[in-house]
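Please open the structure in your viewer and keep the selection panel at hand. The tour goes from one selection to the next, and at each stop it says what is there.

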Amino acid sequence: MPSLKEIKGRIASVNSTRKITSAMKMVASSKLHHAQVAIQNMLPYETLLEHILKSFLAAEADSQTIYDQVRPVRRVALLVFSSNSSLCGGFNANIIKMMNQAVDAYAQEIGRENVEVYPIGRKVYEKAQKMGLNVQGEFSALADKPNVHQCIEIAMELGRKFAEGELDKVELIYHHFKSAGSQVLTRKTFLPIDIEEELHRDHERDLTSMVATRESQEYLKKRGDRGQESGDRSQEEVKPLNDNFIVEPDMDTVLSQLIPKLAHLMLYTALLDSNASEHAARMVAMQTATDNADELLRQLNLQYNKSRQQAITNELLDIVGGSVNN
């Protein structure tokens, strides 16, 4: 049985750890709020661009652009989004696991050397380097400070490689942020871009709640059902372009300019989602650690009180025993 001094030392140690996890939870909560604001600021642009593209699709525009051409896959690029730091639960481990699965699947078909990795985040960069993958650059700064201009540069480089035939397919691997307690691991095709699939993807996000509880998940589920219904209604409300709407110089030329902008938006949205998911995962992990520390402190205090009471009882018995013997 540990002594009172050892138990007091453990209590002090757990208290110190609890202070750290509680502070990290508060910091992650603040960063999550800023990440949610960044997503909210992006949404008006996303909404308007999607409305324009849906209008063109409703007009049955048969666009022929280089970015939506499906061809045999001989060389692939993977954009993988992780964090720069740890202590965020299984956030990075899940991303790395999915990256390994994607690399192994393509390695059997086209060879490991034909799979390029664009790591956004130090954790996935270090893992890809350790695995000996074909790493194309290092973009750790984006994981901490999302930058739309650098995202556009990466998207333009990938678009150029795809247009010139250096790449036949590009995929994104990231966490889609749904709420503070739900981040969905996502793997989707970036190029060739499927406009209809991208416009009908899951847009549901809870950008107001900071609580990761069962009640918040039920709330999000209900919102998701209503969001799907409203999405169906909005799709029905989109009408083909009428005769008063003139597209200059022609539909294909306009779409050839809009589709790259949609690709830029996809990449930036994935970065914002990954950034918000990281902070949410860290907030939940630190909250769990703080709760565990509270429970451990309760048990240690109980053990300390029992040991102290036992020591007092033993001393009283010694005193009583000594007086009887005298």
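Begin by selecting Leu158, which touches Ala77, Leu79, Tyr118, Leu167, Val170, Phe190 and Leu191, leaving aside residues up to four places away in sequence; contact here means heavy atoms within 4.5 Å. Before going further, note that this is a predicted model, in which local features need pLDDT of at least 70 and side-chain atom pairs count only at pLDDT 80 or more, while totals for chains, interfaces and linings use all residues. Residues are numbered from 1 along each chain as its sequence is written, and side-chain values use heavy atoms, with hydrogens and water left out.

**The cores**

A nonpolar core is a set of buried Ala, Val, Leu, Ile, Met, Phe, Trp, Tyr and Cys residues joined through side-chain atoms within 4.5 Å, where buried means under 20% relative accessible area, exposed over 50% and partly exposed in between, with a 1.4 Å probe and protein chains only.

Next, show the strands: five of them form an open sheet with mixed pairing, in the order β3-β2-β1-β4-β5, and two strands pair if DSSP finds at least two bridges between them. Because β3 (134-135) and β5 stand at the edges with a single partner strand each, one side of each is left without a neighbour in the sheet. Follow β4 and β5, which run antiparallel and are joined by nine bridges; His175, for instance, has Leu185 in β5 as its bridge partner.

Then select residues 91-110, helix α2, which lies across β1, β2, β4 and β5 and runs at about 155° to β4. Such angles run from 0 to 180 degrees between N-to-C directions, with axes that are lines fitted to C-alpha atoms, for helices over the stretch in contact. Helix α3, residues 122-131, lies across β1, β2 and β3, at about 150° to β2.

**Aromatic pairs**

How many aromatic pairs are there to look for? The count comes to two, by a rule under which rings of Phe, Tyr and Trp (its six-membered ring) pair if their centres lie within 6.5 Å, and planes under 30 degrees apart count as stacked, over 60 as edge-to-face and the rest as tilted. Select Phe81 and Tyr174, whose ring centres are 6.2 Å apart with planes at 75°, so the pair is edge-to-face. Phe81 belongs to strand β1 and Tyr174 to strand β4, 93 residues apart, and the pair links these distant parts of the chain. The other selection is Tyr118 with Phe139, a stacked pair at 6.3 Å centre to centre and 15° between the planes.

**A buried aspartate**

Finish in helix α8, where Asp273 is found. Is Asp273 buried or exposed? At 1% relative accessibility, Asp273 counts as buried, and it touches Ile39, Tyr174, His175, His176, Phe177 and Arg205, again leaving aside residues up to four places away in sequence.

Technical notes: Helices (H or I, at least four residues) and strands (E, at least two) are DSSP runs, numbered from the N terminus.
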